[in-house]
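Let's take a walk through this protein together, one piece at a time. Have a look at the sequence and the 3D view first, and then we'll start with a question.

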Amino acid sequence: MDVELRQLRCLVAIVDEGTFTDAAIALGVSQAAVSRTLSALEKRLGVRLLRRTSRETSPTAIGLRVVAHARRVLTEVDNLVQEATSGHVELRIGHPWSALGRLTPAFQHRWREAHPETRLHLLRINSPSAGLAEGTADLAVMRRPLEDRRFEGAIVGLEARWCAMAAFDPLARRRSVRLADLSSRVLLVDQRTGSTNAELWPANARPATQESRDIDDWLTVIATGHCVGVTAQAVVDQYPRPGIAYLPVRDAQPVAVRLVWWRDDPHPATRTVLELLTELYRT
């Protein structure tokens, strides 16, 4: 016989309520049912979990450890149920690095006004699928193509590319730069989720690269002057940073902003989000 959730709930109820009688009332069953359930659990585990006297009921030493595990298991089960049943009342949108830049507050406000029944969560998740594959996001905003055929996506807008460099860099005095101005520099890139790599340059003029795996690390290294970075407009909006200068890259193609979802199991709000984001980027 396997350990059952009702047995764990019964054990926790007895400990929390203090007596079998009160536990029975809390669980909505008879006192005899509580006794049988606890006895079955103790038999299955082969240990005594509670000390019972005429005055009190208290956990044994092993009982204390079992109760602690039981609480964690029951909490996880409750979270699992909440996760599985909240698809229509909760919407988690993952994004690596930056969300929607300057459009983020407008998106949040318009969503809350139009869909108060569905809670919106924007989550920074620096993984290749921005949390989709991990199950921590329902939709993802991404700035690079996702080749995984389990997912489908659509472009909602375009963002200009900007160069991030140390504020003391000689180029920082300019109003803008060209790709050729950066070809002799070391380009700091995130190979997993970044929007730019050396392939943006012509094959005979590509900069050397160094890898970064997080926006904070990316900005910290760039501020030293050892590297420069090229990124989307949203990062400029989301991460102003002392010691960092941002300049537009005049001759670089824009970054496509994509909304991505599970191909065979899209969130019910996918179409609505797609339309709203497209409208925001259009205006």
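What joins the side chains of Arg-143 and Glu-159? A polar contact of 2.9 Å does. A polar contact here is a pair of N or O atoms within 3.5 Å; within protein, one must be able to donate a hydrogen and the other to accept it, and residues adjacent in sequence count only if both atoms are side-chain atoms.

Before going on, a word about what you're looking at. This is a predicted model, where local features need pLDDT of at least 70, side-chain atom pairs count only at pLDDT 80 or more, and totals for chains, interfaces and linings use all residues. Residues are numbered from 1 along each chain as its sequence is written, and side-chain values use heavy atoms, with hydrogens and water left out.

Back to our pair. Arg-143 sits in the loop between strand E5 (139-142) and strand E6 (151-159), while Glu-159 belongs to strand E6. Those labels come from DSSP runs: helices (H or I, at least four residues) and strands (E, at least two), numbered from the N terminus. Arg-143 counts as buried because its relative accessible area is 9%, and Glu-159 counts as buried because its own value is 5%. The word "buried" means under 20% relative accessible area, with exposed meaning over 50% and partly exposed in between (1.4 Å probe, protein chains only).

Now look at the surroundings, where contact means heavy atoms within 4.5 Å. Leaving aside neighbours within four places in sequence, Arg-143 is in contact with several residues, including Ser-98, Ser-195 and Tyr-281.

Strands of a sheet pair through backbone hydrogen bonds, either parallel or antiparallel.

You can see both kinds of pairing here. E3 and strand E4 (residues 119-124) run parallel, with six bridges, and Gly-94 stands opposite Leu-123 in E4. E5 and E12, on the other hand, are antiparallel and share four bridges; Met-142 has Arg-258 in E12 as its bridge partner.

H9 (residues 270-282) has 13 residues and reaches 18 Å from its first C-alpha to its last, close to the 18 Å expected at 1.5 Å a residue. That expected span is 1.5 Å times one less than the number of residues. Among the buried residues of H9 are Val-273, Leu-277 and Tyr-281. Their cover includes strand E3 (90-95), helix H5 (104-114), E5, E6 and strand E12 (255-262).

There's a second sheet to find. It is open too, with three strands in the order E10-E7-E11 and antiparallel pairing. Strand E10 (229-232) and strand E11 (244-248) are the edge strands, each pairing on one side only. Strand E7 (residues 161-166) pairs with E11 over five bridges, and Ala-166 has Ile-244 in E11 as its bridge partner. Helix H7 (residues 215-223) lies across E7, E10 and E11, at about 55° to E7.

Last stop: the cysteines. The structure holds zero disulfides, a disulfide being a pair of cysteine sulfur atoms within 2.5 Å. Cys-163 is in none, and the nearest cysteine sulfur, that of Cys-227, is 11 Å away. Cys-163 counts as buried because its relative accessibility is 0%.

Note on methods. Pairing = 2+ DSSP bridges. Axes fitted to C-alpha atoms, helices over the stretch in contact; angles between N-to-C directions.
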